[in-house]
Amino acid sequence: MSERYVCIHGHFYQPPRENPWLEEILRQESAHPYHDWNERIDKECYAHNAFSRILNERGLISRIVNNYARISFNFGPTLLQWMEKAAPDTYQAILDADRMSAEHFSGHGSAMAQAYNHLILPLANSRDKRTQILWGIRDFEARFGRFPQGMWLPETAVDVESLELMAEAGIRFTVLAPRQAEAVRPPDRENWIDVRGERVDPSRAYRVPLPSGRSIAAFFYDGGLSRAVAFERLLSDGHTLARRLVDAGGGIRGPGSLSHIATDGETYGHHHRHGEMALSYALKIIQESPDVRLTNYPEYLERHPPTWEARVLEDSSWSCVHGVERWRSDCGCSTGTNTEWRQSWRKPLREALDHLRDTLGPAYERGCADLLPDPWGSRDRYIEVVLNRESENVHAFLEREAGRPLDRDETVQALKLLELQRNAMLMYTSCGWFFDDLGRIETLQVLRYAARAIQLHGILFDDEIEESFLRLLSRARSSVTGLGSGEELYRTRIMPERMGLDRVGAHHVVSSIFRNGRNGIGTTHRIYCYTVKVDEHQRLTAGGVRFDVGRLRVTSVITRGMERYSYGVLHMGDHHLVGGVRPFQDMAAHKERVTTMVEAFEKGSNLDIIRMLDRDFDASTYSLNSLFRDEQERVVNRILQASLEGAERTMGTLYENRMPLMRFLADLDIPQPRPFRAAGEFILNTRLERALGEAEPDPVHLESLFHEAKLTGLRVDREVLGLAAGSAVERLLQRVAEAPDDADRIIRVRRVMDFIRSLPFATDLWKAQNIYFRLLESDYPIRVQRAADGDGDSRWWVREWSALGSALGVSLPAAIPGTPAAAGSD
């Protein structure tokens, strides 16, 4: 076979960002305007690679393709866990891509597994290495429905022990950087050839012999070409990228040479805007090139089994020229954005966490003594529960591991022990050391996992371990003035976030004040990874004051731990609120407390109630500050709603009364007075956003509002309205997709789209184009054929659909003569 091969690998990964006590990502302000960084990068990269555009010579969309189906890729398991719930369309496209790639590549899917939560394996102990590899494999199987042939090593950090464990688990190959090859040996030759310093030939696969007698295949990617894609401007032109990839495959000077690159997947769209489109175009060109075959690693292995052997450079990685020092010392590797900062904090951070891990291990074994006969094997298999926390699955798992049914208390203890170990691995996520300072969100996140592990230890065992951890952590110091040491950051930023079941109960009690009619006796509420069941509830009102009192039980979905609480909350309007939650003791004491507070409320003695809440609930009193961040924002917005409506009426009156004068001033090119401008821009933008948000936006009304902005010289919020306009088209197109024969729906979306094209700013039509393209592939060919057969309704449909495609920037395939598609098609 004379053909050469090209393979592109993308390592798609984000560190786990979930709050360890809630198992959800809370709002991250630095990701604005998105909720969090996962959501932002999904919008900029992951989703865009699932639905990537290929443009024709006129800049119109000729195809929308799934890039993942034509490349090699791996996704971090914790990222996929988030994506399954938060970005299901992207998630499904990734799973579909693996099946599609198997059709392209001789039955071999392109997806690779990854060691579970991206800890640096050479720096881990043997037990953690094994668990991380087994969890990565099992997570992959559960999602992709097959066993993985390859596994991505976090930061490609490699040592022989990790390769042994991967080979033992059935992994056939991995991908490494060229500087990670120490020596190679051709077939039938005893002497090794030193290839350190990136002198390895990347155009073939290598067999890595292991001490056990096993072996694993390794691909050393093209370092120079990968760097050009990731850090230079090679992604600015898909044609040039394709040419460079094809030309690079000449290393063997014979048949079967492989040209391959590996980069962070976020390169394609997040780091380089529209990088996914350059990738799509390059893949298209390569597929159309004679004597070049687009491939993935397992297909290449099948066609060209390795004949050369390689030895890997122990404790090496792709993102640190000093090996793995970036994750344990001040080696000089950093992002380069703050050159005066030092990373001397890395060593004491790792030493503190190693000390914590080595303290938790024996405690875990001790706690499992009467519960789990094989404690570390149980941890290896605990991924089955992480993937499915349904009660039936959890109890079946524990019964298998224990060899007998566990009672409720034993179940809770076993799950807390296993969760202690899960968090003890999550605290080693590599991003905690990767960046420039101790105070970054990634490092704080690993400290949160450490705090959760310490908390679980404190619940399970009598001995105190936190202070010794903090003494070691105190040696780590931030370069940012005012942040101080790791201990100070832990005490000021992490400890206040630590919570128990009482905090969840308080959140429910406070937030339920603002949810009328949704807190009745017997109701169950899901709050992140907890359930709250209301056992007793009374609500008393007097004017604008409300008082809730009752009993509830809070249960953790993760550990199955449950506690009962008494509560009382007094709301005096707006944000004036005080509440208390305390462990439920006995019914008599509870009833006496409730009776006393109800009597005080009926007498109008709010101050007495506040005193009773302070006294009877000890220090466990709460306010709006007690709400978890996302719910806090929702409640505050609700509180502000009435005030904002009043402000809108006042500003609307001012604007309406002064509109003639504002038009006159604009006509004379005289700047609007600041109060007039502030009121006018607020009212116009509010009305425009509201009009675009209607189920069926009225183009005539929208046009009149934009015309008013032009007459008065007022600025419109281009970013907000561009997103709102795109959402309007998306909603209307979704309605068309539900009933493609409904002519009125097509006419409505056409009218709105014609108006949006006239706007003087960009509109986000990405989702709308995706919906349109799905209908283009499913319904359009059928309509074209019917139109060609003389059906008048179909001819009208094709004409309208073609005009809509033109407005959306889509190039249609050739249609029937006389329609717009025929004139503007590919």
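Are F219 and Y300, in this predicted model, buried or exposed? F219 is buried, as is Y300.

**View 1. The aromatic pair of F219 and Y300**. F219 belongs to strand β11 (residues 215-220) and Y300 to helix α9 (residues 297-303), so the contact ties together parts that are 81 residues apart in sequence. F219 and Y300 also belong to one aromatic cluster, together with Y5, F173 and Y297. The count for the model comes to 30 aromatic pairs.

**View 2. The aromatic pair of F706 and F755**. The ring centres lie 5.6 Å apart and the planes stand at 50°, so this pair is classed as tilted. Helix α24 (residues 699-712) carries F706 and helix α26 (residues 743-757) carries F755, so the pair ties together parts that are 49 residues apart in sequence. Both F706 and F755 are buried.

**View 3. Arginine charges over phenylalanine rings**. The charged end of R326 sits over the ring of F434, at 3.6 Å from the ring centre. In the case of R366, the charged end sits over the ring of F461, 4.9 Å from its centre.

**View 4. The largest cavity and its lining**. Three cavities of 30 Å³ or more are counted, and the largest has a volume of about 60 Å³. Its lining includes P20, W21, R452, C529 and Y530. Helices α14 (408-426) and α16 (441-460) each supply at least two lining residues, and α14 gives the largest share, three residues. By class, the lining comprises six nonpolar, two polar and four charged residues.

Note on methods
Residues are numbered from 1 along each chain as its sequence is written. This is a predicted model: local features need pLDDT of at least 70, side-chain atom pairs count only at pLDDT 80 or more; totals for chains, interfaces and linings use all residues. Side-chain values use heavy atoms; hydrogens and water are left out. On a 1 Å grid over the protein atoms alone, a cavity is a set of points where a 1.4 Å probe fits but cannot get out, and a pocket is an open set with protein on both sides within 12 Å along at least five of seven lines; lining residues have an atom within 4 Å of a point. Grid points are joined across faces, edges and corners, and a volume is the space filled by probe spheres set on the points. Helices (H or I, at least four residues) and strands (E, at least two) are DSSP runs, numbered from the N terminus. Ala, Val, Leu, Ile, Met, Phe, Trp, Tyr, Cys and Pro count as nonpolar, Asp, Glu, Lys and Arg as charged, and the others, Gly among them, as polar. Rings of Phe, Tyr and Trp (its six-membered ring) pair if their centres lie within 6.5 Å; planes under 30 degrees apart count as stacked, over 60 as edge-to-face and the rest as tilted. Buried means under 20% relative accessible area, exposed over 50%, partly exposed in between (1.4 Å probe, protein chains only). A charge sits over a ring if NZ of Lys or CZ of Arg is within 6 Å of the ring centre and within 35 degrees of the ring normal.
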